[in-house]
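The sequence and structure are shown first.

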Amino acid sequence: MRKFKNVALMLALGIVVGSVGTSGTVSTVHAADYIDELESAGSTITNNNSADDAKLISTTGLLKKTSSYVLGNFYGEDDIEDWYMFSVNKTDGSGGRFAIKMSNIPTKHNYDLYLYNQDMDEVDRSVRASNTNEIVRIKEKVDSHQTYYLRVVPKNVPDYEASSYRLIFDEYIAAGSKTIGCSPIQLTCSNNTWSSDASGTGTTIPGNAEITSLSVAAQEGSVKNGTNRQIRVKIDNGQYYTGSWYNGTAEIPGIVGQKASGKYYVSFTATELPVLVSNKLTYIGIINMKSFKVTVNYEYDKLASY
């Protein structure tokens, strides 16, 4: 007899969503055990082999509980792929961004994982070899309710009786902040030219981190005859991004989204004002700024090694 599945029906029976108790024991029943029972009872058993037949997943109770999961199975050659549908709001994860992990793929089996938005555009895919864990991510923040689809494709299923897998909804975005002191302590420029760079290291920031905001604190130096002060920042051999210094701080908005890990270089420029020397207004040709400190806020993927 050809075997199909009805994930919604099995969910009602409490056998699709499993959980790990405090003892670490998985408290779930293998869905395959119920197929013949459902068929013999005259139930209408359907598959979820397409987006039109995608089975609804409620992320409530799943997203912040990595011990809870959705259990899926393949039940024969006609079971060519599994589709699931779920909803996302901006309060889920980090602005609607989170990851879906696929784990517990049996030895010698190979399944791939795809993520699509409600327009069926591919958002992410994970096509690792053999039974390695797979992971896809919602990468863009959502402004309102959005629908997403998951597609599980079996590349190799040597044993349909032992073909289960787990889908785990997990937050993957973590935030951090670092203040970086730069040296030399004081820089000098002439009228409307850039100074040399002061530098400081941010190599302890995670390598996959991206900047969410960055500011530079600095003070007037020993020669304070400047106005229209501008500060610029670059990371490693990247380009400079510039902001206006005001009341001790310059915000650098253009650098948002750039990599956060690396060596930071900071310089400044200003328009020179004349100073009174021997009762005469005189341009002395230099302007100083000192004590440059870069504060970088960033986000990084804490599941990068999954």
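Which residues does Phe 292 touch, not counting residues up to four places away in sequence? The structure is a predicted model, in which local features need pLDDT of at least 70, side-chain atom pairs count only at pLDDT 80 or more, and totals for chains, interfaces and linings use all residues. Residues are numbered from 1 along each chain as its sequence is written, and side-chain values use heavy atoms, with hydrogens and water left out.

With contact taken as heavy atoms within 4.5 Å, Phe 292 touches Ile 180, Gly 181, Cys 182, Ile 185, Leu 187, Val 216, Ala 217, Ala 218, Ile 231, Val 266 and Phe 268. Phe 292 is also one of the residues that touch the most other members of the largest nonpolar core, which has 30 residues. Such a core is a set of buried Ala, Val, Leu, Ile, Met, Phe, Trp, Tyr and Cys residues joined through side-chain atoms within 4.5 Å; buried means under 20% relative accessible area, exposed over 50%, and partly exposed in between (1.4 Å probe, protein chains only). Among the elements that give two or more residues to this core are strand 14 (210–220) and strand 18 (263–272), while strand 21 gives the most, with six residues. Strands (E, at least two residues) are DSSP runs, numbered from the N terminus. Apart from this core lies another, of 25 residues, including Leu 62 and Phe 86.

An open sheet of five strands shows mixed pairing in the order 2-4-9-6-7, where two strands pair if DSSP finds at least two bridges between them. Strand 2 (55–56) and strand 7 (122–126) each have a single partner strand, so one side of each is left without a neighbour in the sheet. Strand 6 (residues 110–117) and strand 9 (residues 146–156) run antiparallel, joined by eight bridges.

Conventions:
Helix = DSSP H or I, 4+ residues; strand = E, 2+ residues; numbered from the N terminus.
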